[in-house]
Amino acid sequence: MLPFSTDILIAGQWRRGAGEPVDTVDPATGRVLATVHCASVAEVDEAAKAAAAAVADPAWRDLLPHERARVLHRIAELTEQAADELSAVQTADTGKTLAETKALALSAAGTFRYMAAALETAEETITPSRGAYVTMSVHEPLGVVGAINPWNSPVASDAQKIAPALAAGNAVLLKPAAWTPLVSLALGRLITRALTEAGLPTALLSVLPGSGRVVGDAVVRHPLVRRIGFTGGTETGRTIAAAAAQKLIPASLELGGKSPTIVRADADLEQALAGVMFGVFSSSGQSCISGSRLFVERPVHDEFVGELVARVRKLRVGPGTEPGTQVGPLVHHKHRDAVAAHVDAARAEGARVLCGGHAPEDERYADGAYYLPTVLAGLPNTSRTCQEEIFGPVLAVLPYDDEDDLVRQANDSVYGLACGIWTRDARAAWRIARRVEAGTVWINTYKQFSASTPFSGWKDSGLGTEKGRDAIRAYQRQKSLYWGTSDAPLPWAN
């Protein structure tokens, strides 16, 4: 296993941060894994200035695109080689199952590899001439960019921001969540190794753990930071968007969700049962795209929900390190308590708890941040429980009567991140997918991702796009060049 690093990466150097110490805890046992000293505001300033110097260093500035791509390929290779170690670190830090964290580590490697390929094949544009000149459109790096990520899927989220930013020629200040910094620091060691091997400045990446109020705010507001990529809560996203607007810099924001999952009466119900459970209870429900509102067409509602509840009760809850575990602990005891408070509020609203609704009572779960997979019924879509993001293993079940009723309820949310549709009717799937207000729609599947496919949120779920070929361009600024081709004198020539 990669050692738990208690040093942080500041301006290309590994050292103890000058900020407050934060214990990172194994949520399966409550055991302290490591104490990481966060970055200070002064260290954010140091990292930003060193990053600006690294961007201007000819060794990086003059690197041709295919040469930058070679560095990204090397990062992908190192990440893939260390996938088991990265997986173990992330499972210890977040409680996720090893199967999931291994997939996330390989996803991170795939993101670096895809962005390398996209960079190799990116083209500039000769625009149509409207005079005696040739016009070109070219793209150049922004400079120093900030990347602020949450605790639920750190290594994959890190790659989604770092890879296109480096591909575009920038330097990155990465702020991982204070609860889960370990795998981001481990990834940072792999990236600095690739930069060192290539003879490039290691200050192109800093990994600066700390709170959003201190370190995150310092990154967002630093005058040298020319773009922000943020994944996290909607209210924090609004604050970042306001700060970015004041600085007149771009920001991409992947925010909250309350995604509808739809089961039509004509669906393959066996497939839908598995998909619905995976969509909300994998990652212990700690996912922005979690399918946390389930709409079932009334003719099959009672049968489907009855079978769903019977199967949810059988889901295997346990440590992420156990091979049979399907639902691991929540990331932190404080977050477990917040989820429990949401369920208590649902009860107060009149919800029927069909299963779960409390922490496991077995003694072996006593020290961990566990909460049983929970299914709620009896609430209208307008209830707080059906409108607010819970970010835990909690599913609200609602019936619907017809397609118009379904679409009205599905869209009656401030969020618009994702949607799942289970049906055998391709025409119905197309109609509903186009009518639902969401950035991603899955049809007869859920939680499938591709580095080549753009990901974005609508409404309060976000601003801007991650992934896809255009992700690199989002970390660049465009410049137009005019080349005069006429021998005729200019109008004011002497």
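Helices (H or I, at least four residues) and strands (E, at least two) are DSSP runs, numbered from the N terminus.

What you are viewing is a predicted model, in which local features need pLDDT of at least 70 and side-chain atom pairs count only at pLDDT 80 or more, while totals for chains, interfaces and linings use all residues. Residues are numbered from 1 along each chain as its sequence is written, and side-chain values use heavy atoms, with hydrogens and water left out.

**Around H15**

Now turn to the buried residues of H15 (residues 426-435), namely Ala428, Ala429, Ile432 and Ala433. These four lie on the same side of the helix because they cover an arc of only 125° around its axis, the arc being that of the directions from the helix axis to the C-beta atoms. Show next what covers them, including strand E12 (260-263), helix H14 (403-411), strand E18 (418-422) and strand E19 (440-443). At the start of H15, select Asp425, whose side-chain oxygen comes within 3.0 Å of the backbone nitrogen of Arg427.

**The nonpolar cores**

Select Leu72, Phe112, Leu173, Ile191 and Ile228, the residues with the most contacts inside the largest nonpolar core, which has 85 residues; such a core is a set of buried Ala, Val, Leu, Ile, Met, Phe, Trp, Tyr and Cys residues joined through side-chain atoms within 4.5 Å. Helix H7 (residues 182-197) provides the largest share of this core, 9 residues. A second, separate core has 39 residues, among them Cys288, Val317, Tyr370 and Ala418. Back at Ile191, and leaving aside neighbours within four places in sequence, you will find contact with Ile75, Phe112, Ile162, Leu166 and Leu205, where contact means heavy atoms within 4.5 Å.

**Thr24**

Select Thr24 in strand E3 (residues 21-25), a buried residue with a relative accessible area of 0%. Its side chain is joined to that of Asp93 by a polar contact of 2.3 Å, and a polar atom of the Thr24 side chain also lies 3.1 Å from the backbone oxygen of Trp179. (A polar contact is a pair of N or O atoms within 3.5 Å; within protein, one must be able to donate a hydrogen and the other to accept it, and residues adjacent in sequence count only if both atoms are side-chain atoms.)

**Two loop residues**

Most residues other than glycine have a negative phi. Ala11, however, has a positive phi of about 55°, and you will find Ala11 in the loop between strand E1 (8-10) and strand E2 (13-15), buried at a relative accessible area of 16%. Lys467, likewise not a glycine, has a positive phi near 70°; Lys467 sits in the loop between strand E23 (465-466) and helix H16 (470-473) and counts as buried at 11% relative accessibility.

**A pocket to finish**

Finally select Arg68, His139, Glu140, Pro141 and Gln476, which lie nearest the centre of the second largest pocket among its 18 lining residues. On a 1 Å grid over the protein atoms alone, a pocket is an open set of points where a 1.4 Å probe fits, with protein on both sides within 12 Å along at least five of seven lines, and lining residues have an atom within 4 Å of a point. Strand E6 gives the most to this lining, with 3 residues.

How values were computed:
Buried means under 20% relative accessible area, exposed over 50%, partly exposed in between (1.4 Å probe, protein chains only).
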